Amino acid sequence: MDRTSELPTQILHNILSRLPTKTAARTSVLSKPWLKACSTNSHLSFDESDFKRRHGKFVDFHGQFLRIVDNTLEKYHHEKIPVSNFKLCILFSDQTDCDGIVDKWFDIIAKKRVSQVSLLVKSISGLFSERYNLSADTIFSMESLQQLELNQCKILKLKSILFEDSKI
């Protein structure tokens, strides 16, 4: 057994939080303590650019990436694993491409009392005018949020205000 496997899980989490996502995931094969640390790390970072294109198609790796993020967050939600930092670097072809799923993920991490959130979005077409729509309700539901980083996002009006405006 290697000496690093004897380290407390909290220290292994600290080490994992400093590694690129792909490298951190690879540590899970080192030993059972590394596997446990990798699957319970409170610093979640997902970067779609870590996924390679297959046959030059966006859909091939994009769908796989969305499933990995979704499965991981569902696991953290159901097993009540804490999340302190959440970073998501994602590509999108249009608003319907990721519609609803990113809001679902933000709802999950809001319940986790996350303190730092990054949502870095990149349009596949590369057009600067394309933005990912994010609900202000989603952001304001994160009561423990201390740091928010957004890129290529458009914040939409609160839903409750939209309904009130329509009554006037």
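Arg113 has a relative accessibility of 58%, so Arg113 counts as exposed (exposed is over 50% relative accessible area, buried is under 20%, and partly exposed is in between, with a 1.4 Å probe and protein chains only). The model is predicted, so to speak of local features a pLDDT of at least 70 is needed, side-chain atom pairs count only at pLDDT 80 or more, and totals for chains, interfaces and linings use all residues. Residues are numbered from 1 along each chain as its sequence is written, and side-chain values use heavy atoms, with hydrogens and water left out.

**The chain overall**

- You'll find 7 helices and 6 strands in the protein chain (both are DSSP runs numbered from the N terminus: H or I with at least four residues for helices, E with at least two for strands).
- Reading from the N terminus, the elements go α-α-α-β-α-β-α-β-β-α-β-β-α.
- The protein chain has 168 residues, and 36% of them are buried.
- Among contacts in the protein chain with a separation of 6 or more, 66% are between residues 24 or more positions apart (contact means heavy atoms within 4.5 Å).

**The largest pocket**

- The largest pocket has a volume of about 700 Å³. Its lining has 31 residues, and the closest to the pocket centre are Thr21, His43, Leu44, Ser45 and Phe46.
- Here is how that space is defined: on a 1 Å grid over the protein atoms alone, a pocket is an open set of points with protein on both sides within 12 Å along at least five of seven lines, whereas a cavity is a set of points where a 1.4 Å probe fits but cannot get out; lining residues have an atom within 4 Å of a point. Grid points are joined across faces, edges and corners, and the volume is the space filled by probe spheres set on the points.
- Several elements each supply at least two residues of the lining, including helix 1 (9-17), helix 2 (21-26), helix 3 (32-39), strand 1 (43-47) and helix 4 (58-78).
- By class, the lining splits into 14 nonpolar, 12 polar and 5 charged residues (Ala, Val, Leu, Ile, Met, Phe, Trp, Tyr, Cys and Pro count as nonpolar, Asp, Glu, Lys and Arg as charged, and the others, Gly among them, as polar).

- Helix 5 covers residues 101-111, and its buried residues include Val102, Asp103, Trp105, Ile108 and Ala110.
- Phe106 sits in helix 5, and Phe106 is buried because its relative accessibility is 0%.
- Beyond its neighbours within four places in sequence, Phe106 is in contact with Phe86, Val117, Leu119, Leu134, Thr138 and Met142. Phe106 and Leu119 are 13 residues apart along the chain, with their C-alpha atoms separated by 9.8 Å.
- Ile109 is in helix 5 as well, and a relative accessible area of 0% makes Ile109 buried.
- Not counting residues up to four places away in sequence, Ile109 touches Leu73, Phe86, Val114, Val117 and Met142. Between Ile109 and Met142 there are 33 residues of sequence separation, and 7.9 Å from C-alpha to C-alpha.

**Loops and positive phi**

- Arg113 belongs to the loop between helix 5 and strand 3. Phi of Arg113 is near 60°, a positive value in a residue other than glycine.
- Gln152 lies in the loop between strand 5 and strand 6 (153-156), and phi of Gln152 is also positive, near 60°. With a relative accessible area of 14%, Gln152 is buried.
- Ser42 is in the loop between helix 3 and strand 1, and Ser42 counts as buried because its relative accessibility is 16%. Leaving out its neighbours within four places in sequence, Ser42 is in contact with Pro82, Val83, Ser84 and Asn85.

**Strand 2 and the cysteines**

- Leu91, in strand 2, is buried, with a relative accessible area of 16%. Leu91 and Tyr132 are 41 residues apart in sequence, and 9.8 Å apart in space, C-alpha to C-alpha.
- The structure has 0 disulfides (a disulfide is a pair of cysteine sulfur atoms within 2.5 Å).
- Cys38 is partly exposed because its relative accessibility is 23%, and Cys153 is buried at 16% relative accessible area.
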